[in-house]
Amino acid sequence: QVQLVESGGGLVQPGGSLRLSCAASGIISSIYTMGWYRQAPGKQRELVATVSSGGETNYADSVKGRFTISRDNAQNTVYLQMNSLKADDTAVYYCNAARRRGTIPIQYWGQGTQVTVSS
């Protein structure tokens, strides 16, 4: 059974930092592109950052220079370091694991962790 378990969310003041973690089990995460997505109330889920199996990273323009995605394949874990947080970063953050088996897309989602940026 595949599980992605996020942790590290919470309430933080504007300008503060949080580090999210996503622990994967039931898959070899090193062969997956791992990513973080977020969904704010009333909005669609959006990409925050991804890191490929080869270590290439991709970020949404809104978080470039503030967020850093990283992975520890030995621990089957992906992280999202979030600095200089803004109120607009408030959302539920979801971990994602994705790859293709031939032409068949395979992906898994975590249950989400709430991040609230407020004074």
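**A tour from the core to the sheet**

Start with the largest nonpolar core, which has 30 residues. Select W36, L80, M82 and Y93: these have the most contacts inside it. Keep in mind that this is a predicted model.

β3 (18-25), β4 (33-39), β5 (46-51), β7 (67-72), β8 (77-82), β9 (91-101) and β11 (113-117) each supply at least two of its residues.

Zoom in on L80. Which residues does L80 touch, leaving aside its neighbours within four places in sequence? Its contacts include W36 and Y93. L18, R19 and L20 are also among them, as are V48 and A49.

Next, select C22 and C95. They form a disulfide, with their sulfur atoms 2.1 Å apart. C22 sits in strand β3 and C95 in strand β9, so the bond ties together parts that are 73 residues apart in sequence. Look along the S-S bond: its torsion is about -80°, so this disulfide is left-handed. Are the two cysteines buried or exposed? Both C22 and C95 are buried.

Finish with a sheet. Show β1, β3, β8 and β7, in that order: these four strands form an open sheet with antiparallel pairing. β1 (3-7) and β7 are the edge strands, each pairing on one side only. On average, neighbouring strands here are turned by 15° against each other, direction ignored.

Stay with β3 and β8. Six bridges join this antiparallel pair. For one of the bridges, pick A23, then its partner T77 in β8.

Methods:
Residues numbered from 1 in each chain as written. Predicted model: local features only at pLDDT ≥ 70, side-chain atom pairs only at ≥ 80, totals over all residues. Heavy atoms only, no water. Core = buried A, V, L, I, M, F, W, Y, C linked by side-chain atoms within 4.5 Å. Buried < 20%, exposed > 50% of the residue type's maximum accessible area, 1.4 Å probe, protein only. Contact = heavy atoms within 4.5 Å. Disulfide = S-S within 2.5 Å. Pairing = 2+ DSSP bridges. Axes fitted to C-alpha atoms, helices over the stretch in contact; angles between N-to-C directions.
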